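Subject: Structure handover and findings

Dear colleague,

I am handing over the structure below, together with an account of what was found in it. Please read the text with the structure open beside you.

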Amino acid sequence: MDDSSPLFRAPLQVLIETAQLRREQATAGPRAELVYWRHVLACYMAIVEQIKAPKCRLYVQLLTLAHSKLLKDWQELDQRVTNACNEADDNVKYLYALERYCYPLYHADPTVMGMHLPALLYTVRMVYASSRFYNSTERITSLLVKVTNQMVAACRAYLDENGARSVWEQRKRDVLHKIDVCLNLHKTYSECFEKARRAMLNTPVASDQPFEISEMYVFGKFQTFRIRIMKLAHALKIALKYSILESSCIEGIDAHAHRFKELYTQVMFMKEVKDFCLC
């Protein structure tokens, strides 16, 4: 194919860019999926408009009259663009339907986020069952990873009050309560995910491919975060346990209380500890 021809250049460029490995932030949330496919759709719609333009139609007519070998290449490329545009349009339609269920991930805190997860995962299951193009294990897994990313981001913001105060600057009991909320959210998410996964296994899809999703891949970041905040909770409980030393009237105990306070302060101001929950 003569890809130097203006007839082929733009469609080829879009197809090549779309086929290349997709790069995105490791912390991207589910909205990034919609943004990506809207961008892809806009690119292909622009190409379709160009293909339908009088100048392009005239070019194709000339190829036809000349019995050019490029005509077959053009027809194949035209079909590829049409298929890709249909795919992007279908994906955008389903992701728009999913967007409203992702809203709580961005605007609710973990105390109420769990109650929205059943509806969200049910909608993901419906997308998997009915979409012509988004019903692959790879795409659903990628979407669920983004859901996990946003939940972890919401938990971090909840713990440090959107960056206003670190966990070490808040009352220990308040932080422990917040940690319990985050752990309960993880539990709820796991239960809802397992229910949706079992349903997906029994859901017929157009591609007839088995649904094999990696739970470790979907939950990996949340599981790491869960382990970190459990360790944080353990440290805070120890601090609470020994804080009684400061109020004790036992003779000579004040030296031990002072020593414990010094050690706790030193640990608290270590950079790796200050950033403990944000890693």
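How many helices and how many strands does the protein chain have? The protein chain has eleven helices and zero strands, and, read along the sequence, its pattern is α-α-α-α-α-α-α-α-α-α-α. Please keep in mind throughout that this is a predicted model.

Some totals for the chain come before the details. Of the 279 residues in the protein chain, 41% are buried, and the accessible surface comes to about 16,600 Å², with 56% of that surface belonging to carbon and sulfur atoms.

I turn next to the helix pairs, starting with α2. The axes of helix α2, which covers residues 31-52, and helix α4, which covers residues 70-107, come within 7 Å of each other and cross at roughly 150 degrees. Angles over 145 degrees count as roughly antiparallel, and α2 and α4 are therefore roughly antiparallel to each other. Their crossing is left-handed, and, sorted by class, the contact of α2 with α4 has 19 nonpolar, two polar and seven charged residues.

With α3, helix α2 forms another pair, in which the axes come within 5 Å and cross at roughly 60 degrees. That angle makes α2 and α3 oblique to each other. In this contact Q50, I51 and K52 of α2 meet P54, C56 and R57 of α3, and these residues divide into three nonpolar, one polar and two charged.

What is the angle between α4 and α7, and how far apart are their axes? The two helices pack at an angle of about 25 degrees, with their axes 12 Å apart. Because angles under 35 degrees count as roughly parallel, α4 and α7 are roughly parallel to each other, and α4 passes α7 in a right-handed crossing. On the α4 side the contact is made by E87, N91, L98, L105 and Y106, and on the α7 side by R139, L143, V147, Q150, M151 and A154. By class, the contact of α4 with α7 has seven nonpolar, two polar and two charged residues.

E33 is found in helix α2. Is E33 buried or exposed? Buried means under 20% relative accessible area, and E33, at 2% relative accessibility, therefore counts as buried. Leaving aside neighbours within four places in sequence, E33 is in contact with R22, L95, Y134, S142, L143 and K146, and L143 is also one of the α7 residues in the contact with α4. The C-alpha atoms of E33 and N91 are separated by 9.4 Å, although the two residues are 58 apart along the chain.

F133, by contrast, is found in a loop, the one between α6 (117-130) and α7 (137-159). At 26% relative accessibility F133 counts as partly exposed. Residues up to four places away in sequence aside, F133 touches N86, E87, D90, N91 and R139, and among these E87, N91 and R139 also take part in the contact between α4 and α7. F133 and N91 are 42 residues apart in sequence, while their C-alpha atoms are 6.9 Å apart in space.

Finally, there are backbone angles to look at. Most residues other than glycine have a negative phi. Which loop holds H67? H67 is found in the loop between α3 (54-65) and α4, and its phi is positive, at about 50 degrees, although H67 is not a glycine. Exposed means over 50% relative accessible area, so H67, at 71% relative accessibility, counts as exposed. N162 likewise has a positive phi, of about 55 degrees, and is not a glycine. This residue lies in the loop between α7 and α8 (172-201), and N162 is exposed, with a relative accessible area of 69%.

With kind regards

Definitions and conventions. Residues are numbered from 1 along each chain as its sequence is written. This is a predicted model: local features need pLDDT of at least 70, side-chain atom pairs count only at pLDDT 80 or more; totals for chains, interfaces and linings use all residues. Side-chain values use heavy atoms; hydrogens and water are left out. Helices (H or I, at least four residues) and strands (E, at least two) are DSSP runs, numbered from the N terminus. Buried means under 20% relative accessible area, exposed over 50%, partly exposed in between (1.4 Å probe, protein chains only). Contact means heavy atoms within 4.5 Å. Axes are lines fitted to C-alpha atoms, for helices over the stretch in contact, and angles run from 0 to 180 degrees between N-to-C directions. Angles under 35 degrees count as roughly parallel, over 145 as roughly antiparallel, 65 to 115 as roughly perpendicular and the rest as oblique. A crossing is left-handed if the near helix is turned anticlockwise from the far one by less than a right angle, and right-handed if clockwise. Ala, Val, Leu, Ile, Met, Phe, Trp, Tyr, Cys and Pro count as nonpolar, Asp, Glu, Lys and Arg as charged, and the others, Gly among them, as polar. Accessible areas come from the Shrake-Rupley method with a 1.4 Å probe; for residues, only the protein chains shown count as cover.
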